[in-house]
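Me: Let's go through this one together, a question at a time. Start with the strands, please.

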Amino acid sequence: MSEITRRGFMKQAGIAAAAATVWDAKSYAAILGANDRVRTAVIGAGDRMRSALIPSFLQHAKEMNFEFVAVSDIWNKRREDGAAFVSKKMGGGKVDAVRNNDELYARNDVDAVLIATADFQHAMHGVEAVNHGRDAYVEKPMAHTMSDARAIRDAVHKSGKIVQIGTQRRSTPSYQRAYDYIRSGEFGDIVNVEMTWNVNQPGRWRRPDVVPLLKEADTDWKRYLGNQPFEPFDARKYLEFRLFWPYSSGIPDQWLVHQIDTVHWFTGYPHPRSVVANGGIYAWHDGRRNWDTLTAVFDYGPLDDMNKGFQVIYSSRQTNEAGGVKEIYRSVGGSLDMDKQLVTNEGGLTAKYAAEMKMQPRQLKTFSLGDVEKVSNDANTGADPQTSANMRNWMECVRNRKTPNASVDAGYSHSVALCMCIAAMQTGAKVTFDDKTQQVVAGGKHVG
């Protein structure tokens, strides 16, 4: 991020902090009462919000005593449609359509917010929320630049607000059981992790039917750009932002962070030691800037002992779906397959090859991690079980003020790995991380 845009981001954060002081002292205490209703607003009424976050919220709203009161979106169509959608889902309750977040935070009836805006806006909107004294559920990625990652981490810590990041694996039962199993030591040292996310979808992240509906006069393009350099209005970059850097990095922003987050969680390592990457746009030449194919190799392990550690091999393509989604952890004794939710001795050290070196074989016992989260969507809400569990954990933490499963520090770790991967893609260099300055290093230079 340039110094100009960095100053702009921090200026916005400072204004937000000043505006929050009066509201916070007077109104925020209402959340602390176990029986007080938590009034919540939607920020960004797009596909992810409508298909996952709103249904997940409503699945628990009655029991947890939460309610929606407003929808904030800078596009008038999405704003009005979003408010009508939420009202209908609530059974006809009043939900206000608000033009922007300045107007939203000027209200005294909003205690918390759900944020699902464009990838590059998550950190900015998260900082804005906590500086205005609101708890927040913030979709992933938390940030794809280190300056934004540091800004939201520091703002959340300073504010003491409850922020859950949308890496919902951390609230998923099978992943929690895998965490316990790996940390128990029974699995053995991780020697390799294989991760894939493959589809064959030329229309993935495209919105050809919606793009013609968006006119510059109907939204606030300058506000959309936020802390990014100005460029002329482009409806594709607004609605198909996942295809265009710097609004998203595409595959890493959308998919990598979910899977790499489990590596940090399971191992306790805060970030990779190094990352290299290769790929490109090989099939879908539709004007996009972001790759349709990526392979990245991450090195993890103790920073003070390079003789210990393991590789994470991450590959993703949007051009052929063979292989699907995989997330497999391997040790000398076998494999932990998160897609199958199964621990097996696959690949483990057999008696034959152990005997050759006068060693003992290592063969993990086969058992299931369970399939609780693979049940079908709730018939009434449409909420997927993983997001629903993550949403409920956030609601509980808003009540009890405990740290949520997918905390801002967890988000910071996945942001570091994400920023390292992006730097490797953009520079072709082997990328490392400077813990002292908290900056990504590519080609011997700090890049963020």
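Me: Over how many bridges do strand E2 and E3 pair?
Reply: Strands here are DSSP runs of E with at least two residues, helices are runs of H or I with at least four, and both are numbered from the N terminus. Two strands pair if DSSP finds at least two bridges between them. E2 (residues 66-72) runs parallel to E3, and the number of bridges is three.

Me: Before we go on, what kind of model is this?
Reply: Residues are numbered from 1 along each chain as its sequence is written, and side-chain values use heavy atoms, with hydrogens and water left out. Local features need pLDDT of at least 70, side-chain atom pairs count only at pLDDT 80 or more, and totals for chains, interfaces and linings use all residues, since this is a predicted model.

Me: Which strands are the edge strands of the open sheet?
Reply: The open sheet has six strands in parallel pairing, in the order E3-E2-E1-E4-E5-E6. An edge strand pairs on one side only, and here that goes for E3 (96-98) and E6 (163-165).

Me: And how many degrees does the twist average from one strand to the next?
Reply: Angles run from 0 to 180 degrees between N-to-C directions, with axes fitted as lines to C-alpha atoms, for helices over the stretch in contact. From one strand to the next, the average twist is 25 degrees.

Me: What angle does the direction of helix H5 make with that of E4?
Reply: Helix H5 (residues 122-131) packs on the sheet and touches E1 (38-43), E4 (112-115), E5 (135-138) and E6; touching, or contact, means heavy atoms within 4.5 Å. Just after H5, Gly133 has a positive phi of about 80 degrees. The angle between H5 and E4 is about 180 degrees.

Me: How many residues of H5 are buried?
Reply: Buried means under 20% relative accessible area, exposed over 50%, and partly exposed in between (1.4 Å probe, protein chains only). Glu128 and His125 are among the buried residues of H5. The count for H5 is 10 of 10.

Me: Is Asp102 buried or partly exposed?
Reply: Asp102 sits in helix H4 (residues 101-105). Leaving out residues up to four places away in sequence, Asp102 touches Glu128 and Arg223. Because its relative accessible area is 47%, Asp102 is partly exposed.

Me: How far apart in space are Asp102 and Glu128, C-alpha to C-alpha?
Reply: In sequence they are 26 residues apart. In space, C-alpha to C-alpha, the distance is 9.4 Å.

Me: Why does Thr293 count as buried?
Reply: Thr293 is in strand E9 (residues 293-300). Outside four places in sequence, its contacts include Ile251, Tyr282 and Arg317. Thr293 counts as buried because its relative accessibility is 15%.

Me: Which residues in strand E15 point to one face and are buried?
Reply: Side chains alternate along E15 (residues 431-434).

Me: In E16, which residue is the bridge partner of Asp434?
Reply: E15 and E16 (residues 439-442) pair in the antiparallel sense over four bridges. They form a hairpin with four residues between them, and Gln438 in the turn has a positive phi of about 55 degrees. The partner of Asp434 is Gln439.
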